[in-house]
Amino acid sequence: MTEWMALGYLNSFLTRKMAALGVADYGVGNMRSVANALNKIGAEWELVNDPLKVPQYSRLLLPGVGAFGPAAMRLGETGLGKALVLAAQAGTPLMGICLGMQLLGRTSEESPSTQGLALLEASTVRLPPHHSVTNTGFRKVQVVAAFRRPNSSTLVCDYYFNHGYHFVPEDVSVVAAATQWAEVEIVSAVSRDNVMGVQFHPEKSQGQGLAVLDRFARSGHLLL
Amino acid sequence: MKRIILGLLFDGNDFYLSRNFRLQRLGDMSWLRTNFQIFDLASQVDEIAVFHVARTEVSPDFSRSLAELAEGLFVPISVGGGIRSLEDADSLFRAGADRLMFSNCLVANPRLVNQIADKYGRQAVIGVINFFHSQNDEILVRRGSAGKIVTEKLDDLPLTQMTAAVGELVLQSVDRDGSGQGFPVTSLSRFMELDSWPWIVAGGFGSFEHVSQVLMDTRVQAVLTSNLLAFVGDGLMRARRSALDLGVTLAKWELFSEDTTDAP
């Protein structure tokens, strides 16, 4: 990192707005759906495409619709990837959505020559052969007790998935939720300290999805 | 888990009904909001599919209208029709589309379909096959739009190549489109070459029983209906309940309420 960038980061931390949620806008995928959802829940949020502004936010969202390679390259080209890593290392809650969760890991079979943010020790691999080449639709998500929302009577909730690759962490203790797909159990949510991700699309999962975003926006926690 | 998808035929200004692919204007966005409570309807379905029926390429105006429509929809949105370039696709994704649907391009411009799959992933691409029966009961496939319609025998199409870059497949009955007579389930056996696909079936749904009965078919993953008049009010919710009663697995969801989000 250059000196001016370092000074920019320092200044950004000093002028940090504690209530705002920053949504990483790296020019790939469907930012508008996340924006619509955040507007619906009344969150205070902004799109952030300037890496120097990333430290200003008290929570960060990394959405993603698209392929791993182009998205990882855009994160690199824009400088947002490095900025997100630094913010996460400084303790800012960061949540990746779908491809955004996959980008938290190191690599993906979808684009073997590109690297993820490596905030979690994980790789993304193709879904095993099945009747379908993609996991599309609402699926039941089995939530690990620590990530269960308060007052919930069930550990299972339906969320919308649409992906062809899935996230495989090296350390299973980061798994916050899992989903049965065909004959295998895939990881549908992960969390380690302030870094978390969901393979499903909360912004597309009707009321319970909006509630996940609302809880993250308000508390910085992953509760399903 | 199976799905019920609501189709909207939209030219960027007005919404339409279709009968055998002939369009009948219903009204504009405010009309749809007032008369069909579109955002209430959306809370009854798993997905929305928007068919761009202007018979031109996607325009910035259409993308703006799509963005306006998407503001109040918290379910996945698929968009098809008039996508001629990667820039059109980018514009639609920016406007709120989650997936794009292709029919003519599967044959006429597979390079574009591949480009979009490379950039957005195969899960973001849906193939649409519009089929009908000939007088001697052959299955014919229709593609293209007014003035440039092409009809081919199903058996003559390179189905494997056509679907190499798509994540799901819509089988749409032209014969039954808008008829309210039900989807021709018996036709599905003619698509055995594509039987490894999760099929979305469309065309003919006129009652909640039609929807629930077809969802019982193990080959069918989702039902798509654009017959707004048949499902006005709580018609889609009744279809959902009927399917659940028959043992079909469908998602259950809550409406969002700030009072019940339980943030610590």
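Let's start in the middle of things: the largest nonpolar core has 150 residues, and among them Leu84(A), Leu100(B) and Val223(B) touch the most other members. Such a core is a set of buried Ala, Val, Leu, Ile, Met, Phe, Trp, Tyr and Cys residues joined through C-beta atoms within 7 Å. A residue is buried if 20 or more other C-beta atoms lie within 10 Å of its own, exposed if 12 or fewer, and partly exposed in between, with C-beta atoms placed from the backbone. This is a predicted model, in which local features need pLDDT of at least 70 and side-chain atom pairs count only at pLDDT 80 or more, while totals for chains, interfaces and linings use all residues. Residues are numbered from 1 along each chain as its sequence is written, and chains are lettered from A in the order in which they are written.

Now look at where the chains meet. The contact (C-beta atoms within 7 Å) takes 42 residues from chain A and 38 residues from chain B. On the chain A side, α6(A) gives the most, with 10 residues.

Of the 14 residues of α6(A), 11 are buried, so the helix is largely enclosed by the rest of the structure. Leu210(A), Leu213(A) and Phe216(A) are among the buried ones. The buried residues of α6(A) pack against β1, α2, β3, β4 and β8 of chain A. After the helix comes Gly220(A), with a positive phi near 80 degrees.

Terms used
Two residues are in contact if their C-beta atoms, placed from the backbone, lie within 7 Å. Helices (H or I, at least four residues) and strands (E, at least two) are DSSP runs, numbered from the N terminus.
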